[in-house]
Amino acid sequence: MKILIAEDDPIFKAILENNLKKWGYQVTSTSDGRQAWDIISKPGCPNLVISDWMMPEMDGLQLCRNMRAQAAPRYIYFILLTAKGEQQDILQGLEAGVDDYLTKPIDYMELKYRIHIGERIIRLEEKVLELARKDSLTDTLNRRAFMEKLDEELERAARNKVPLSLLMTDIDHFKQVNDQYGHIAGDRVLKQFVAQMAKIIRPYDFIGRYGGEEFILCLPDCSISHGRDIAERMRSKIETTAMHISQSRPPIHITSSFGVSSFTSTNEQTAESLIKNADDALYSAKNKGRNCVRMAQP
Ligand SMILES: [Mg+2]
């Protein structure tokens with residue numbers, strides 16, 4: 001984990017840095033609040049800040065206030081170091097938004113354990129963010145998270161002039177599964193459907209839940225014909241896999257349809273048009289009798 005130190009006393013800063021490195025942290029250090037703020041206000045900054053109160057340019061309290069006022073994508077845990085120990089000063093620090101404070105001279109073992117508290121909070125926050133991005137039933141990305149990631153991948157594909165394929169898939173006649181066996185069985189089928197596709201995708205591909213039984217897959221660095229091959233392998237895998245719906249009933253079989261569209265450096269499609277084209281191709285697969293893969297028309 002990365003930690004940022006803001007401390008103007010060079011000797012104390014060096015001791016602090018050595019200790020943090022010894023405990024296994026990656027350390028960036030600055031000697032005033034302004035430099036620290038430059039680092040905090042940029043993407044990819046450390047998640048934990050240990051800052052002195054009294055510093056030139058910008059003091060620790062102002063640094064913390066600025067940090068809390070910005071709409072940071074991640075929570076930053078802030079430990080204030082101070083020579084002041086009066087109750088009134090501590091209130092000021094807490095009011096500025098510090099998470100924790102230590103009074104100088106520092107007890108290093110205490111600092112170590114207080115950093116551990118910060119780490120636990122940061123990990124919890126990561127977990128919450130992760131949950132907010134996932135579809136709880138199938139553990140795939142939810143639609144919003146998928147779209148964010150797709151935009152990033154499209155930018156990368158445009159920059160590197162490489163193709164990207166998009167698959168839209170839907171379980172054929174899924175309503176019948178729910179009607180005949182109930183929604184719990186339907187949920188089980190959805191999970192197994194995703195699990196089978198997950199066996200086929202490459203490590204950097206990702207799946208999102210687009211609607212009820214409709215899923216969307218992004219395959220970076222993948223041409224439309226390669227995308228079609230992957231979709232075909234998935235379709236065939238689904239068709240031949242026994243889906244377990246309950247202890248007391250025999251497994252059932254389902255089929256699925258796929259639509260494939262592709263971004264290339266010449267067509268430069270947007271996320272919206274890629275999805276529309278894959279959706280149209282999926283619609284055409286449904287019209288062609290289902291259990292098949294169709295590519296978007298160029
Ligand atoms: Mg100082």
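How many of the seven residues of E8 are buried? Seven of the seven are, and the strand is mostly covered. Keep in mind that this is a predicted model.

1. Five strands make up an open sheet, in the order E7-E8-E6-E9-E10. The pairing is mixed. Two strands sit at the edges: E7 (206-209) and E10 (293-295). Each of these pairs on one side only. From one strand to the next, the twist averages 20 degrees.

2. **A helix on the sheet.** Helix H10 (residues 271-287) packs on this sheet.

3. **The neighbours of E8.** On one side, E8 (residues 214-220) pairs with E7. The sense is antiparallel, and there are four bridges. A hairpin of four residues joins E7 to E8. E8 also runs antiparallel to E6, and seven bridges join these two. Here Thr-169 stands opposite Phe-215 in E8. Strands of a sheet pair through backbone hydrogen bonds, either parallel or antiparallel.

4. **Two faces of one strand.** In a regular strand the side chains alternate between the two faces of the sheet. E8 can be read in this way. Glu-214, Ile-216, Cys-218 and Pro-220 point one way. Phe-215, Leu-217 and Leu-219 point the other way. All of them are buried.

5. **Ser-256 in E9.** Which strand holds Ser-256? The residue is in E9. Ser-256 has a relative accessible area of 0%, so it counts as buried. Leaving aside neighbours within four places in sequence, Ser-256 contacts a list of residues that includes Thr-169, Asp-170, Ile-171 and Asp-172. Also among them are Phe-193, Arg-235, Ile-238, Asn-291 and Cys-292.

6. **The magnesium site.** Which residues coordinate the magnesium ion? Asp-8 (OD), Asp-52 (OD) and Met-54 (O) do, at 2.0 to 2.3 Å. Along the chain, the donors follow the spacing D-x43-D-x1-M. Asp-8 lies in the loop between strand E1 (2-6) and helix H1 (10-22), while Asp-52 lies in strand E3 (residues 48-52), so the pair ties together parts that are 44 residues apart in sequence. Asp-8 is partly exposed, at 34% relative accessibility. Asp-52 is buried, with a relative accessible area of 5%.

7. **Cysteines without partners.** How many disulfides are there? The count comes to zero. Take Cys-222: the nearest cysteine sulfur belongs to Cys-218 and is 9.3 Å away, and Cys-222 is in no disulfide. A disulfide needs the two sulfur atoms within 2.5 Å. Both Cys-45 and Cys-222 are under cover. Cys-45 counts as buried at 17% relative accessibility, and Cys-222 is buried with a relative accessible area of 0%.

8. Val-177 lies in helix H7 (residues 174-181). Is this residue buried or exposed? Val-177 is buried, with a relative accessible area of 7%. Leaving aside neighbours within four places in sequence, Val-177 is in contact with Gly-182, Gly-186, Val-189, Ile-252 and Ile-254. Compare sequence with space for Val-177 and His-253. They are 76 residues apart in sequence. From C-alpha to C-alpha, they are 9.9 Å apart in space.

9. **Two packed helices.** Two packed helices are described by the angle between their axes and the distance between the axes. For H3 (residues 60-69) and H4 (residues 87-96), the axes come within 8 Å and cross at roughly 25 degrees. That angle makes H3 roughly parallel to H4, because angles under 35 degrees count as roughly parallel. H3 makes the contact through Leu-61, Cys-64, Arg-65 and Arg-68. H4 contributes Gln-92, Gly-93, Glu-95 and Ala-96.

Key: Residues numbered from 1 in each chain as written. Predicted model: local features only at pLDDT ≥ 70, side-chain atom pairs only at ≥ 80, totals over all residues. Heavy atoms only, no water. Pairing = 2+ DSSP bridges. Axes fitted to C-alpha atoms, helices over the stretch in contact; angles between N-to-C directions. Contact = heavy atoms within 4.5 Å. Donors = N, O, S within 2.8 Å, 3.2 Å for Na, K, Ca; no water. Buried < 20%, exposed > 50% of the residue type's maximum accessible area, 1.4 Å probe, protein only. Parallel < 35°, antiparallel > 145°, perpendicular 65-115°, else oblique.
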